[in-house]
Amino acid sequence: MTTWSAPTAPAPVSATVALPGSKSITNRALVLAALADGPSTVDGTLRSRDTDLMLHGLAAMGTGIDIADDDPTRVTVTPRPLHAATVDCGLAGTVMRFLPPVAALATGTVAFDGDEQARSRPLGTILDALRDLGAEITGAALPFTVAGRGAVAGGDVVIDASASSQFVSGLLLSGARFDCGVRVIHRGDPVPSMPHVEMTLSMLAVHGVDVATDVPDEWRVAPGPIAAHDWVIEPDLSNASPFLAAAAATTGTVRVPRWPAVTTQPGAQFVDILGDFGAHATLGADGVLTVVGTGELRGIDADLRAVGELTPTIAALCALATGESRLRGIGHLRGHETDRLAALVTEINRLGGDAVELDDGLLIRPRPLHGGVWESYADHRMATAGAVIGLCVPGVEVVDIATTAKTMPDFPGMWSAMLGAGVTAE
Ligand SMILES: O=C(O)C1=C[C@@H](OP(=O)(O)O)[C@@H](O)[C@H](O)C1
Ligand SMILES: C=C(OP(=O)(O)O)C(=O)O
């Protein structure tokens, strides 16, 4: 077992942190570009495990993928007829939910598999939906195959997307290329991560796809071409969260450049959540977000259904806070990279904390923490949550810090750079 000694912050952090591109925007841009009516260039492409799996999956099915020699984040995508392939999804929800509808448009059988841990992530909903829409699919989870026939009838489909918004996004991203388009009707508990559905809708609109959203929990994608579009990818605001949390946790200052004034990324909502903890944030006219820790770290009561992927960072701050916190609306996190509710409770409590798993969330009470092993469960956000706690608690040993490469190419390097010369590794 290799562990990473999380560095404590000997002084308040003071740093400017430039984040690589958004995972969610990158993987949508790549799918839309592959299905478009001409070549598109994606600038600022996130190059990480999840996005490289998307690049490889699309390339395996026949899409032209050209990476600029002088800039690995500049990718030109040329749509070509899609054919039989093998696709590795790793542990990436966006790959396992966005590519099966693309594969159904291919001519030939596309075989999907992924990490052992990915085989238990919820997937049946979108595979059943594709069957209802005319695709031929074997299996209900990874591994499975899609016998593409070069076309999908499309039409109406009723799904329960309460386990993941990606079921909706996956169907909408390819829906314009189905013969009849697609009408997705959600029936069930509320769809989580709705900003990610908004992200899908706004990116489809940029590609000229007509989607009607006048009926709640229903999305109608008109059939038709997807226009090519050159993208410049925003920085990943969810991956900004551990760095911004560092400012709040150490009474420091962290600046993130290129913070978008308007965005569908759920990470933008972390700014208000930091305010609830007691930190101050300002967005300058130059696009730099500055978060300043005030020394106060209150407990919070928050419904995180819309921003579930921020939970590990938020729970780390809750474990360091002076008051009780209650995090709600996140039962679906049990189907993320790992069961994040169980993982957070186990790891916070192993360090001496007081975390309790609730039906739909977490209750975290203040209790002094001590050093110890922090398991990451192959979950990039569990690993970065351990780093946040380690800023204030000497002796935190994070297992498999390399798993952060799922969505960040060099988290340990960026973390050290943020801490600068004053770093002490315990
Ligand atoms: O569509 C997307 O890019 C994502 C949607 C969300 O998934 P869930 O709706 O499964 O939470 C989010 O948690 C994930 O990190 C990325
Ligand atoms: C839930 C997440 O990822 P995925 O896209 O694999 O679902 C996440 O990044 O927090």
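Let me begin with Gln166, which is buried, having 27 other C-beta atoms within 10 Å; a residue counts as buried if 20 or more other C-beta atoms lie within 10 Å of its own, with C-beta atoms placed from the backbone. This is a predicted model, in which local features need pLDDT of at least 70, side-chain atom pairs count only at pLDDT 80 or more, and totals for chains, interfaces and linings use all residues. Residues are numbered from 1 along each chain as its sequence is written, while chains are lettered from A and ligands numbered from 1 in the order in which they are written.

Gln166 lies in helix 5, residues 166-175 (helices are DSSP runs of H or I with at least four residues, strands are runs of E with at least two, and both are numbered from the N terminus). Beyond its neighbours within four places in sequence, Gln166 is in contact with Gly93, Thr94 and Arg97, contact meaning that the two C-beta atoms, placed from the backbone, lie within 7 Å.

In the unreviewed UniProt entry, the "binding site" positions include Gly93, Gln166 and Arg381; such annotations may be inferred rather than shown by experiment.

Turning to Arg381, we find this residue in helix 11, residues 380-392, and it is buried, with 30 other C-beta atoms within 10 Å. Leaving aside neighbours within four places in sequence, Arg381 is in contact with Glu309, Pro312 and Thr313.

Finally, Ser165 sits in the loop between strand 11 (155-159) and helix 5, where it is buried, with 25 other C-beta atoms within 10 Å.

Methods
Buried ≥ 20, exposed ≤ 12 C-beta atoms within 10 Å, placed from the backbone.
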